[in-house]
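Dear colleague,

I am passing on the structure we spoke about, and below it I set out what was found. Please read the notes with the structure open beside them.

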Amino acid sequence: MLLGLTTALVATVCFGFGAVFQARGARSAPRADRVRAGLLAALVRSWQFLVGTLVDIVGFVLSIVALRSLPLFLVQAVTNASLAVTALAAVWLLGARLHRSDVAGILAVVVGLTLLALGSGKEGCNHAPEAFHWALLATTALMLPATLVLVRRNGTAAAAGLGLLAGVGFGVTSLAVRVMDASGLLAILTDPATYALVAGGLGGYLAYALALQRGTVTAATAAGTVAETFGPALVGVVALGDAARPGFEWCALTGFAVAVGGTFLLSRFGELEGESAELVRPHPGAGAEQAVPPR
């Protein structure tokens, strides 16, 4: 458990710093009204987005160890607490300021994760029926048409919808890592969960990048947190046998609620004046109204 918890915490640090660079890169790219190759090319040309993505990949590799050795509700709560790292990174790298609610959110995350770690038991099974694997892949197949619909809309509702889709994609990725058959190369290549992992991850990144261009960071992040944290955690308990330590159920449940509550408090951090000034920069020749994302 110690190895899994350590890798989960290091992955959280990677995700936190990666989010700062990704947000800057996404908003420095021209705004896209539809999913097209030009958007991907613009993101690839942004060194901030590339750095953020590379750091995220390192975090994902580390999180695989955690996902295979810890209950999903613990891993999801820990990795989603990366918003606390993002807040501290933005203060250090971007000169952002912390409000009282942000400090309270960081403290809540620390307290919640401590309680959650104390109350967590052993992970459940690392395998599931074949139908479960196909269901994960089918979920990712539904993400693309939903993204194509929302990408044509603007405002907070569109950002929240795309953020929700991003959370679904990342949640599917976590579940796929947990149940994927890693007994050999052939098993990996013929497992639907493998392709759900890839499609969920790529679809999640695309939806999140689009969400950041359409509305507030709060809307995109809060909606994504709901889908990415609660969905896999519930599936892990119901379908995969994850459980708290006997007699410590209250500790795990309280820690989970407090940690997620702290994440919600921190989800508005992207709207702070100091960070927004750095993240949102007008393009050459663009008017002031183009520099600020729609509210």
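Of the contacts in the protein with a separation of 6 or more, 86% join residues 24 or more positions apart, where contact means heavy atoms within 4.5 Å. This is a predicted model, in which local features need pLDDT of at least 70 and side-chain atom pairs count only at pLDDT 80 or more, whereas totals for chains, interfaces and linings use all residues. Residues are numbered from 1 along each chain as its sequence is written, and side-chain values use heavy atoms, with hydrogens and water left out.

The protein has 14 helices and zero strands, these being DSSP runs numbered from the N terminus (helices H or I, at least four residues; strands E, at least two). Of its 295 residues, 52% count as buried, that is, under 20% relative accessible area, with exposed meaning over 50% and partly exposed in between (1.4 Å probe, protein chains only).

Two helix pairs deserve a description. The axes of H6 (residues 100-119) and H12 (residues 249-266) come within 7 Å and cross at roughly 155 degrees, the axes being lines fitted to C-alpha atoms, for helices over the stretch in contact, and the angles running from 0 to 180 degrees between N-to-C directions. H6 is therefore roughly antiparallel to H12, since angles over 145 degrees count as roughly antiparallel, under 35 as roughly parallel, 65 to 115 as roughly perpendicular and the rest as oblique. The axes of H3 (residues 47-67) and H8 (residues 155-179), by contrast, come within 9 Å and cross at roughly 55 degrees, which means that H3 and H8 are oblique to each other. Their contact is made by Phe60, Ile64 and Leu67 of H3 together with Thr173, Ser174, Val177 and Arg178 of H8.

The largest nonpolar core has 37 residues, and those with the most contacts inside it include Phe73, Leu113, Phe256 and Leu266; such a core is a set of buried Ala, Val, Leu, Ile, Met, Phe, Trp, Tyr and Cys residues joined through side-chain atoms within 4.5 Å. Helix H4 (72-80) is among the helices that each supply at least two residues of this core, and H4 gives the most, with six residues. Apart from this core lies another, of 13 residues, among them Ala166, Leu206, Tyr208 and Leu212. Leaving aside neighbours within four places in sequence, Leu266 is in contact with Leu83, Ala84, Ala87, Asp102, Gly105, Ile106 and Val109.

With best wishes
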